[in-house]
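Please have a look at it first.

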Amino acid sequence: NELLSLIEKDSQDQSIFCSIDDQWIYNQKSAKISTKDHSILFTDKENILFARMLLINNNWLDKDLLLRQVWNYHESSESNTVGTHLYNLKQKLPQGMMELNNSSCRLLIKKMV
């Protein structure tokens, strides 16, 4: 009932509000993922990154693309900004929820049955 109340309250909002797996719920408006007993708050950039990774459905997201889209850097720019933000986000998330490599990232979300 509590979950239904939250969903109804946020149903008119255009932000993402969804179940991540059998434990976590993501609320883009409040910039957090939560379980019954625990919440993880995101910074503004972490929230944007998490939402973009969530929308690509377990596929790899290119770090250079994020640098251009989220930070508006030129295509030939070099920066550790994306890598640093993604690393910090990965440290906050439950173990195994996010995967990083040199050029891309993705969320690893178990499908609910």
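Ring pairs join Tyr26, Phe42 and Phe50 into a cluster, where a pair of Phe, Tyr or Trp rings (for Trp, the six-membered ring) requires centres within 6.5 Å, and where planes under 30 degrees apart count as stacked, over 60 as edge-to-face and the rest as tilted. Before I go further, please keep in mind that this is a predicted model, in which local features need pLDDT of at least 70 and side-chain atom pairs count only at pLDDT 80 or more, while totals for chains, interfaces and linings use all residues. Residues are numbered from 1 along each chain as its sequence is written, and side-chain values use heavy atoms, with hydrogens and water left out.

The structure holds three aromatic pairs. In one of them, Tyr26 and Phe42 are tilted, with 6.3 Å from centre to centre and 45° between the planes. This pair links distant parts of the chain, since Tyr26 sits in strand β2 (residues 25-27) and Phe42 in the loop between β4 (39-41) and α2, 16 residues apart; helices and strands here are DSSP runs, H or I of at least four residues for helices and E of at least two for strands, numbered from the N terminus. The rings of Phe42 and Phe50 have centres 5.1 Å apart and planes at 35°, so this pair too is tilted.

Leaving aside neighbours within four places in sequence, Ala31 is in contact with Ile40, Leu41, Phe42 and Asn47, contact meaning heavy atoms within 4.5 Å.

Now to the helices. Two packed helices are described by the angle between their axes and the distance between the axes; the axes are lines fitted to C-alpha atoms, for helices over the stretch in contact, and the angles run from 0 to 180 degrees between N-to-C directions.

Helix α3 (residues 63-71) packs against helix α4 (residues 81-92) at an angle of about 100°, with the axes 9 Å apart. That makes α3 roughly perpendicular to α4, on a scale where under 35 degrees is roughly parallel, over 145 roughly antiparallel, 65 to 115 roughly perpendicular and the rest oblique. On the α3 side the contact is made by Lys63, Leu66, Leu67 and Trp71, and on the α4 side by Thr81, Val82, His85 and Leu86.

What is the angle between α2 and α3? The axes of helix α2 (residues 44-55) and α3 cross at roughly 125° and come within 12 Å, and the two helices are therefore oblique to each other. Here Lys45, Ile48, Leu49 and Arg52 of α2 meet Leu66, Gln69, Val70 and Trp71 of α3.

To place all this in the whole chain, the protein has four helices and seven strands, and buried residues make up 32% of its 113 residues.

Notes. Buried < 20%, exposed > 50% of the residue type's maximum accessible area, 1.4 Å probe, protein only.
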